[in-house]
Structure formats: structure tokens, C-alpha cells
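Come along while I look things up, one entry at a time.

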Amino acid sequence: MNLWGNAREGSEVPSDLQSRPQPTTRRRIAAEEIVLEDVSFAFPGRGRSVQALDGLSLRAAHGELLAVVGPSGCGKSTLLELLCGLRTPDRGSIACPPAVLMPQRDLLLPWLSALDNAGLALRIAGFSRAQARARAGELFAELGLEGFERARPHELSGGMRQRVAFLRTLLSGKQVLCLDEPFGALDAITRGEMQEWLAGTLVREPRTVVLVTHDVEEAILLADRVVVLSPRPGLAVAQLEVELERPRGRTDTDVTALRELALDALAGGGRG
Amino acid sequence: MRRRVVRVLPAFVLASVLIGAWELYVELSGVEADVLPAPHAIAVELWNSAHVLWRNFSVTAEEVVLGLGLALVSGFALAVAIHLSPLLRRAVYPLAVGSQALPIPLIGVLLVFWWGFGIFPKLVVVALICFFPVLVTTVDGLAAVDPDQPKLLRTLDASRWQAFRLAELPAALPAALSGARIALAVGVIGAFIAETTTPTTGAYPGLGRQIIAEINAFNTTRAYAATVVLFAFAIACFYALSVAERRLAPWSVQTRGETP
């Protein structure tokens, strides 16, 4: 069966998906933006607090893939935790539809099968094991996981584990996906495959995505817009619109040109 | 079947060598049977006293199994309570450590005063000796969950109870089972202590009490025969627990490799 048929033909919501029980809220059709205005956050420390973000403002439109790149420790992960409501800002305002976090490490539960890990959000929402399995099972084939339903996480490759973790994120039913360096721990070849996979999956299942990465190339290959953050405290030093046709190749001249721009911005932020 | 033979072979060979050396030592040194009986004499005694040993063994086995059960339940429950409440951790942990310094004969009298000559005071002694390793390993296991795991579960809208049940509880299970193995290792000697510190009215007082009686009657060979039974029982319990672990926490066994 093809769950994504309607989406490919351009209708807003795949009817197949809509007719199924959704775990939390129904898929939001209304355009809801992410808006951060002048957001600051500091980690309380011994004697001196550490300023992670200082006056950061940014926006992401409904259905947009916003990539956030920046050096280590510039507050990227903190930004995602703020969006997910895990932390409250010291200053500034955040408007964000319900968001779900996909941490850098997959955090699959080793005692659950791949299928049960993927359906975790459904179990939490009160669906029976059978219902959760049925719903997650439908997406397994679509996301290239067929045949691994019963595998335990330690039996899966790194790329497979990230796919299962992504499916778990997707099945939360939330509009905004916060991906924290989802492919950072993978080898170069697998990372390339996973980037293509993610791009393809998001075409079938459109969501608003905030992708945090230190890989500028990854950001430009996947994103509609790239925000470059300065070192701590994080400030947006550049915003690049990536209005390129998909699929994008990493050697396309437009991609490499944008990459140079972003790297320049990163280097400039490093000096300042 | 063949793999199983290969797996028990090293223990079998080592035990044979040790028993051979023991036999040889008794033979050559001329040590008296009252001090150290020869293995073959112990084997003969095991056969001859099989009935009384068996009856006493069933008493002791019941104490060990039920006492360990009590220790597992109380240790695990206390660990969960300590994990969920920092206040309880500060209040209970020092006392739990202190409880391990209690001389059992001192409280044995009190336990008998409370609960009489039946099995229950003995279970309490076994549990008191065994709960501590379960408590410590379970507390550590519960705390060892990846700090990002609760964040993830919160964004999936899990309640505190769901996060506990889905992530922390299963994560702590292998640690609790490790604690159970340590508890088991001291559980058999715990039953020995329990029997020798709390009097009993049963016809068969258990192997611990029997061993003391045999030593006092200079029946050293029979005391050794009873000890052999305890020895074998401890090993059997250990392997029973490994089997239980394979069923309860298969992911832990798979990722860690084979249990001894």
C-alpha cells in the first residue's frame, strides 16, 4: 500500500494518514510559524553562569526546513531544548507549535524491538501494543526498514538506528521536528545516504524541521534556509536562503557557492 | 549437548584436581579425620546420611529461596523509593549501610521474641544480609539512564510514571540482577547464620544447625558432607539466576556476552 500517494499528488494531507488515530494532536494544517525574538539563555554555573544564547531572533515558516549551523558550544542544542519546551528562556519570547526532539544519540531502548521503539510515542499516548505496532509497521517499508521490525537496536547498523529514531520522532504526531545533529555519529558514506533518505522522507511527510548541525554542506543540501550562529553566546551572524532545486548534489556549483558563503560567515563569527 | 559438555568441562577438571590434591594431602600428611576428613570418606557419608541431609537441606533451601525473595523485593522497592525521592535517599541510605554492621546474634533474640521459632525470623536474617547488594546496584542502575533519555520522553509527552516504567525500570533490571547474584552468594551463608542465631522447634533444624551440632559431636565428616550440600546448592542457585536473567533481561545478556 502506498501511504504517500496523496501527498505526492499535492494535496495537503494524505487522507490515509488523517483517517488513522493520531497520537497527540491532529496534523496541523494551519500555517504556524516558529518565532524566536531576542531570546537569551544562560546555564547557571558555579560562581559564574554560562551564557548559551544572547539575544537570538529567528523564524521558520510552516513546512520549512531550517538548518542551524555553528561551532561547538554555540548553544545549538539549547536552542532545540527551548523550542521543545524543555527549558524556558531567561529573556525574550518563543512561539512554537508542539515540537519533538530527536537527540544526537538515537537513545533507542535496548529491550524493545525496532518496531516497538518506533511506536514508543503511540504507546505513551495510550494506544495498545498491537495498534502501535500496526501503525509503525506501515511506515517501516516506506522508510526502508522492512525486515528489521523484530530486530533489537544492537543488531542494527548506525544508519538503521537513526532511521528508527527518526520514525519514532515522526510518529509523535507533532508538527515541528527538532533534529540535533542526527547524522553526526555516522561515517561519511552512510551520512550521505541518510541525508538523501531524510530529504525523500520529508517530501512524503512534510513537517517543519529545525536541523542543528555542524556540517555546513549537510545544511545546504537539506535546508530551505540556513542560519549561521556565532560562538557562545549564540547570535545569528548570517541567514542564507537556499532556493535550489531538489535533489541537490554536493558538487553542484550553487551548492558549493553557498557553502563558501556559510563558511565565510562562520569564520567571521569566529573572529568576532 | 556437546557445547554444554565443553562449557562445564573446565569447572569439572579443576574440581577433580582440587579434590585429588585434598585426598592426597589427607593421605600423606596423616591429618586426623576429626580435623579434615578425606573426600572419599565425605562421599560415603553423603550416601549414608542422605535422608537426614535431604530433610535438613529442604529446610535450609526454603529459607534461602524465600529470604532471597524478601531481600529482592525489599531491596528493589527501597531502591525505587530512594531513586524517586532525594529526601528518602538522604534519610535511608546511611541507615541501610549501617544495617550491614548489625551483629546478627544480637538481633536474633529480638526477632525470635517478635516472631517465635518459625521460619519467619530466619527469612528476616537472610533478607537483612542479602538486601544491601540489591539496593546498591539497583539505585546505581536507575541513575545510570542516559540523561538525554528523560528529555526525549518528555517531548514524546510521557508522564513521570511512563518515563519510569518505559526507560528507568527496564534499564535498572540488569543491575538489579547483578545485585541479586551477589545477594545469592551471601544468601546461603546468610541462612547458616540465621539458623545458628535463632532457635527452632522443627524436627529438622536445617543444614546450618546440623553442621554446628555435628562439629560439637566430633562428627566432622558429616559436617563436611552437609557443607558439600550447601556448596552445591549455592552453585545451583547461581545458575538458576543466570537462566532467569536470560529470560528477564535478554538484551543485557546479548550485548554483554555469555554469563559465567
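Before I count anything, I note that two residues are in contact if their C-beta atoms, placed from the backbone, lie within 7 Å. I also remind myself that this is a predicted model.

**Entry: where the chains meet.** I looked up the contacts between the two chains and found 20 residues of chain A touching 17 residues of chain B. On the chain A side, the elements that give two or more residues are β5 (99-102) and α5 (120-124). I then sorted that side of chain A by residue type and got 14 nonpolar, three polar and three charged.

**Entry: the domains of chain A.** My next stop was the domain assignment, which gives domain 1 (32-98 + 174-272) and domain 2 (110-173) in chain A. Taken over C-alpha atoms, the centres of these two domains of chain A are 26 Å apart. For their contacts, I noted 12 residues of domain 1 and 11 residues of domain 2 in chain A. Helix α8 (residues 188-204) of chain A gives the largest share of the domain 1 side, five residues. By type, I wrote that side down as seven nonpolar, two polar and three charged.

**Entry: a helix in chain B.** Which residues of helix α9 (residues 207-216) of chain B are buried? I listed L207(B), G208(B), R209(B), Q210(B), I211(B) and E214(B). Looking for what covers the buried residues of α9(B), I found that the cover includes α3 (50-84), α8 (160-197) and α10 (220-248) of chain B. Just after α9(B), I marked F218(B), which takes a positive phi of about 60°.

Methods. Residues are numbered from 1 along each chain as its sequence is written. Chains are lettered from A and ligands numbered from 1 in the order in which they are written. This is a predicted model: local features need pLDDT of at least 70, side-chain atom pairs count only at pLDDT 80 or more; totals for chains, interfaces and linings use all residues. Helices (H or I, at least four residues) and strands (E, at least two) are DSSP runs, numbered from the N terminus. Ala, Val, Leu, Ile, Met, Phe, Trp, Tyr, Cys and Pro count as nonpolar, Asp, Glu, Lys and Arg as charged, and the others, Gly among them, as polar. A residue is buried if 20 or more other C-beta atoms lie within 10 Å of its own, exposed if 12 or fewer, and partly exposed in between; C-beta atoms are placed from the backbone. Domain bounds come from an automatic or database domain assignment.
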